[in-house]
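The following exercises are to be worked with the sequence and the model at hand. Each task is followed by a stepwise solution.

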Amino acid sequence: MRVIDLENINYAMRNETQFVLRCEEVFHDKISSAAASILADKANRPFVALTGPSGSGKTTTAMRLQEYLENLGVHVCLLSMDNFFLPLDQRPPEAVDWESPYCVNVDLLISVISQLSEGREVDVPWYDFKAGKTGGYRTMQGSKDGIIIAEGIHMLNPLIFDKIRGAATGVYVAPRTRIITDDDKIVRPEQLRVARRMIRDYATRGHSMRDTVERAESVDRGEINYIMPHKDNASVHIDTFHDYEPCLLAKYLCQMPNFQEELDDEFLEEHGLTDLMKIVHGVAPLHSPYVPLNSIVREFVGGSCYQY
């Protein structure tokens, strides 16, 4: 587990633009390394099963991988597991919440992957979350010589992964770096993911910061039950933390309406986020305009060149 000091972050912030670009180069190298691993065994493993917990940046990572491989001339089909959720009225009793792998129409997902790998043109579903059912279909052209990337929180779960294990490279995506505060407290990656989601969910889903924090506890239970036990199915691991990220998250969090009122000391203590707020208040806010449009951080603060 990588560790970085708050002091090191603030020191690097003396040149914001250089700091941002250096961190982005580091992540670009991680994408390049993952692509090399995938291509090395492409003939035997044309599928990529990419997963990570909520707020990990897996969607942007999948898109970055697609973009990198396509720049090498590889035909890539990108699927989101979220579009293969079962309609609410067709879910089995085991599908107790959205975090359960039993919410997924596994047979349809595997069928689409198989047909794309055979070079067929396939109608791929998209899921209407407001209606709780499949909202329609879009056409996707497969390739016998291409790569299929399927991303979602359950892609390494045996219910899905065992059906493609012999032909798939498992990729696990999550922030892994821990931050040490000035008083030697450790801010864990799951706390950083809550900060990411507070900003994103307020802007795109209308959730208050308190709502996001409280929902995170249910999501965390799902991760412990359904995601973490299957990390070993991944042969490629990508740390999505960017060293400048706390400075950008701090800027956006402090600009949010009712920030101080919603995240008061008692609420932070109750939900184990006191040390996270030490980071928010302990870093210089990032003002550099040169955060790349394809950065993972933009999945959460906005302004991405990708459609989510």
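**Exercise 1: the setting of Asn-233**

Asn-233 lies in the loop that connects α7 (209–226) with β10 (236–239); helices (H or I, at least four residues) and strands (E, at least two) are DSSP runs, numbered from the N terminus. This is a predicted model, in which local features need pLDDT of at least 70, side-chain atom pairs count only at pLDDT 80 or more, and totals for chains, interfaces and linings use all residues. Residues are numbered from 1 along each chain as its sequence is written, and side-chain values use heavy atoms, with hydrogens and water left out.

Task: determine whether Asn-233 is buried or exposed, and state which residues it contacts.

Solution.
1. Asn-233 counts as buried because its relative accessibility is 18% (buried: under 20% relative accessible area; exposed: over 50%; partly exposed: in between; 1.4 Å probe, protein chains only).
2. Beyond neighbours within four places in sequence, Asn-233 is in contact with Leu-156, Phe-161, Arg-165 and Gly-170 (contact: heavy atoms within 4.5 Å).

**Exercise 2: an open sheet**

Task: give the strand order of the three-stranded open sheet and identify the strands at its edges.

Solution.
1. The order is β1-β8-β9, and the pairing is mixed (two strands pair if DSSP finds at least two bridges between them).
2. β1 (3–5) and β9 (186–187) are the edge strands; each has a single partner strand, so one side of each lacks a neighbour in the sheet.
3. β1 and β8 (residues 178–180) run parallel and are joined by three bridges.
4. Within this pair, Val-3 is opposite Arg-178 of β8.
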